[in-house]
Amino acid sequence: MPNVEKISVALTPEMAALVRNAVESGEYASSSEVIREALREWKQKRLLQLQNVEKPIAKPKLDLTAEEKLAKLNKLFGAWKNQPDLTEIFAKIDQQRHTYQGRNLDSIDNLDNG
């Protein structure tokens, strides 16, 4: 092994047991090998985190025009057209909302009648 420096590291009993078990199982030749691999993985994780931080921020999407917003809404709500169950549910919700606000509403297509 090339130039190495010996240092002492304090571990919790659980961590120390993990290191000992890895060596005793034969997965690693020594405690140092376990710690070196852990440090290599830690270093790689840190590098990936730094790369993610340094990525340029994407340009924000431009605001939609009123026509584009309306087209998107029509497309979304168009999927609900000709579905009597949904029309009835939305009519009840709308009627309850208007009643709660002290208004009278005869149908979903009628404006305030109160």
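In what order do the elements of the protein run from the N terminus on? They run α-α-α-α.

This is a predicted model, where local features need pLDDT of at least 70 and side-chain atom pairs pLDDT 80 or more, while totals for chains, interfaces and linings use all residues. Residues are numbered from 1 along each chain as its sequence is written, and side-chain values use heavy atoms, without hydrogens and water.

**Whole chain.** Colour by secondary structure. You will see four helices and zero strands. Helices (H or I, at least four residues) and strands (E, at least two) are DSSP runs, numbered from the N terminus. Of the 114 residues, 7% are buried. Buried means under 20% relative accessible area, exposed over 50%, and partly exposed in between (1.4 Å probe, protein chains only).

**The loop.** Select Ser30, between helix H1 (13-24) and H2. Ser30 counts as partly exposed because its relative accessibility is 25%.

**The largest pocket.** Next, select Ile7, Val9, Ser31, Ser32 and Ile35. Among the 16 lining residues, these lie nearest the pocket's centre. A pocket is an open set of points on a 1 Å grid over the protein atoms alone, where a 1.4 Å probe fits, with protein on both sides within 12 Å along at least five of seven lines; lining residues have an atom within 4 Å of a point. The space is about 500 Å³, counted as that filled by probe spheres set on the points. Helix H2 (residues 31-54) gives the largest share of the lining, five residues.

**The nonpolar patch.** Select Ile7, Val9, Leu11, Met15, Ile35, Leu39 and Trp42. Together they have about 690 Å² of accessible area, by the Shrake-Rupley method with a 1.4 Å probe. Patch residues have over 30% relative accessible area and no salt bridge, and nonpolar side chains are joined within 5 Å. A salt bridge is a side-chain nitrogen of Lys or Arg within 4 Å of a carboxyl oxygen of Asp or Glu. H2 supplies the largest share, three residues.

**Last stop.** Zoom to Trp42, in helix H2. Trp42 is partly exposed, at 48% relative accessible area.

Methods
Patch = residues over 30% accessible without salt bridge, like charges linked within 9 Å, V, L, I, M, F, W, Y side chains within 5 Å.
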